[in-house]
Amino acid sequence: MADKEQDKLPDIVTDQERDIAQNAISEFKKKNYIACLQFLNKLENRNNDLKVIHNKAILEFYKSDCKKTDLLQKNLTTICNQFQIKSEKMDDLDHCIILFNQAVILYHQRQYTAAQRIMDRVYKFIEPMEESLAKQVSLLAIELQLCLRQPDKALTLINYLENNLMYGGSIPLKGLDKMGKERKIQLPPPKPLPEEFERKLLKYKLRCYVMNHSLKTAVKEVQVLLKDKSSIDAMFLAAHVEYLKGNHKDAVKILTAIPADCLCYSSCGESSTVMFYSNMGVIHHALGKPNLACHYFQMALKEDLKGTQKNGSRKDDSEQFLYCLGSTKYHELMYNLGISLLHAGKPTQAFDCLIIAVRRYHRNSRLWMRLAECCIMIHKETNEIDFEKQKNLIADIAGSRDKQRLVLTTNLSKDKKYSSDSQSYAVPVPTLEFASLCLRNASLLVPSQTATPPVPLFLIPGVTPPAPPPSPGPAPSSPLDGEGVATLRNGILAASAYVALCLGDYVVALEHAKEMLEQPKLSGLHKLLAHLYAAEALVLLDKISDAIDHLNPDNITDISFELSSDKETVDEEVMKTNPPPRWFPNNLQTVHAVMQYNIAVAKTIRGQLDQATGILRQVWQQRGQTCKVPTHIFMLFIYIELQLGHTDVAKNLIRHYPYQQRITV
């Protein structure tokens, strides 16, 4: 009992201690941190007081010019261990400030998930919390949700904060009157918010609208912010809105009006020059100019490296300001550069960039799919080469003159079905084996299409939320809507089916193709790929009849990228950020010719050579400017004629084929 009473004695604050504390606060506000620390040291009876120990740790940090972050983090951990403070079992309001400071450090270190887990517990005490601290806690919670690409949750927090500050949190719930109609609620007069704080909330809202692609609302809000001509962040947000609307020239005009070097890493942890080059790269990528986009991203990388080296980011962390710890945009820029290189037809360089980005954004499903696409493009650059006139039909010519023998090539395509190297799938090299692993990761990380509750768990009174498990994150990209998730899933299935076919996993390829055909939302292009991949897998599994059903040209009526439900989308809300599609075959006539050619192949395998010849002649007659036919059709013609014993016809076909220069022996 005596020990417990002794522990409670320091809770009684004497007048002398109160005066010392007030003097310490006064010196702290004047930024006289040494004098402030001297006052705190006079509180000898408070050496075991949580608040005093915590304030001393914070003062030591400020004395270091906010650079010794590691020491502060270590001191805060020591305090938590000394007073048995655990975020999972927090039940004391006084512990909030310590955990909040830990979350601030994690935020600047870009450990957003860990910071959010702490803030989930701290937010439970938002109502009894002192107003100034409650504001800071709320703003950090909002910022974390935006960093984790959760704009809906961020908007919920913003609304809650506004209501709490303007109406004291006492807003009556809506109800129904006797007629069953919604009852009008008479709200109390709102308290005015400070103008600067109100603008800060407005910027957060606008970031949410931009991330959510709510363009109509974003356009209205950005006009309010642009009233302040000196607001740099408002100009960047305005350029972003114009970019989403497809007004690329207007976006460039706004960006070029931003003063150069108005933001730098050393003063605020951001670089306006890096942002300018990065945004210019994104805009030119959307314009279908990936090579120019690559140039801008490389310029941004140079500026980022220059700024971080000048700021000491390559040195020890103790030499950096807290706000500079996570200032570099290296991984985001490598992500953007990798995507543009992939679109520029440089898959090897793109793979090198994206493999760096995935180390940080390893929960991004789209990033894993892009890595797989790099491997696929290295394996086969484009479909167009199968429709061009090949010069390697004749592999060799043996003999001379009358006794010449032509040796035909065994394969017009340079595709490799298997890797001859006994290499692990997990080795990050641009092979189809590694692509298979990437696609498996991409499939596991596809965001769920089930609607998430708009109210975060930590806003439910009396509910202690569990620590959230690592979940798929779209960072550094914006979150996907339902249509985007469907398109992503279809793309992963299509790539998975192709890779499985190339690796000889025909059963797996067929499963992926069938799953793609069962998707509720499927574009015409993905439907075409699903039927073609399913047919090829069935042919290789010796199920010719089933394969021919998939190759019916009537199955394909369009080859657009749009989902069936996209036509109902309001035009104003459609994002115009994708570069012009580059796809071949690019018209229905060519697509149907490909499918008919494949039917001829299937019938040839079955031994129905006459029917196959009839189909091939029909396809050959359709060829022209709008209808391209695969080069392989020529090889199939020759094969069928030889099988039918028509050697002269086969020779005549070869004679009319523009092959390479003859080899004389």
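Q: Leaving aside its neighbours within four places in sequence, which residues is Ile142 in contact with?
A: Contact means that heavy atoms lie within 4.5 Å. Beyond those neighbours, Ile142 is in contact with Ala154, Leu157, Ile158, Leu161 and Tyr204. Residues are numbered from 1 along each chain as its sequence is written, and side-chain values use heavy atoms, leaving out hydrogens and water.

Q: Which residues touch the most other members of the largest nonpolar core?
A: A nonpolar core is a set of buried Ala, Val, Leu, Ile, Met, Phe, Trp, Tyr and Cys residues joined through side-chain atoms within 4.5 Å. Buried means under 20% relative accessible area, exposed over 50%, and partly exposed in between (1.4 Å probe, protein chains only). Here the largest core has 173 residues, and Val122, Met129, Val137, Ile142, Leu371, Leu528 and Leu616 touch the most other members. Helix 21 (residues 482-502) supplies the largest share, twelve residues. A second, separate core has ten residues, among them Tyr33, Leu37, Leu40 and Val52.

Q: What span should helix 4 have?
A: Helices are DSSP runs of H or I, at least four residues, numbered from the N terminus. The expected span is 1.5 Å times one less than the number of residues. Helix 4 (residues 50-63) has 14 residues and so should span 20 Å; its end C-alpha atoms are 20 Å apart, in agreement.

Q: What lies around helix 4?
A: Its buried residues are Leu50, Val52, Ile53, His54, Ala57, Ile58, Leu59 and Phe61. Their cover includes helix 2 (15-29), helix 3 (33-41), helix 5 (69-82) and helix 6 (96-108). Asp49 caps the N-terminal end, with a side-chain oxygen 2.9 Å from the backbone nitrogen of Lys51. After helix 4 comes Asp65, with a positive phi near 65°.

Q: Why does Leu215 count as buried?
A: Leu215 has 3% relative accessibility, so it counts as buried. Leu215 belongs to helix 11 (residues 215-225).

Q: Where is confidence lowest and where is it highest?
A: Where pLDDT is low, the predicted coordinates should not be read in detail. The protein chain has a mean pLDDT of 84, and 84% of its residues reach 70 or more. Confidence is lowest in helix 1 (residues 2-8), at a mean of 41, and highest in helix 22 (residues 506-517), at 97. Residues 451-471 have pLDDT below 50, with 32 contacts beyond near neighbours in sequence in the model.

Key:
This is a predicted model: local features need pLDDT of at least 70, side-chain atom pairs count only at pLDDT 80 or more; totals for chains, interfaces and linings use all residues. pLDDT is the predictor's confidence in each residue, from 0 to 100. Helices (H or I, at least four residues) and strands (E, at least two) are DSSP runs, numbered from the N terminus. A polar contact is a pair of N or O atoms within 3.5 Å; within protein, one must be able to donate a hydrogen and the other to accept it, and residues adjacent in sequence count only if both atoms are side-chain atoms.
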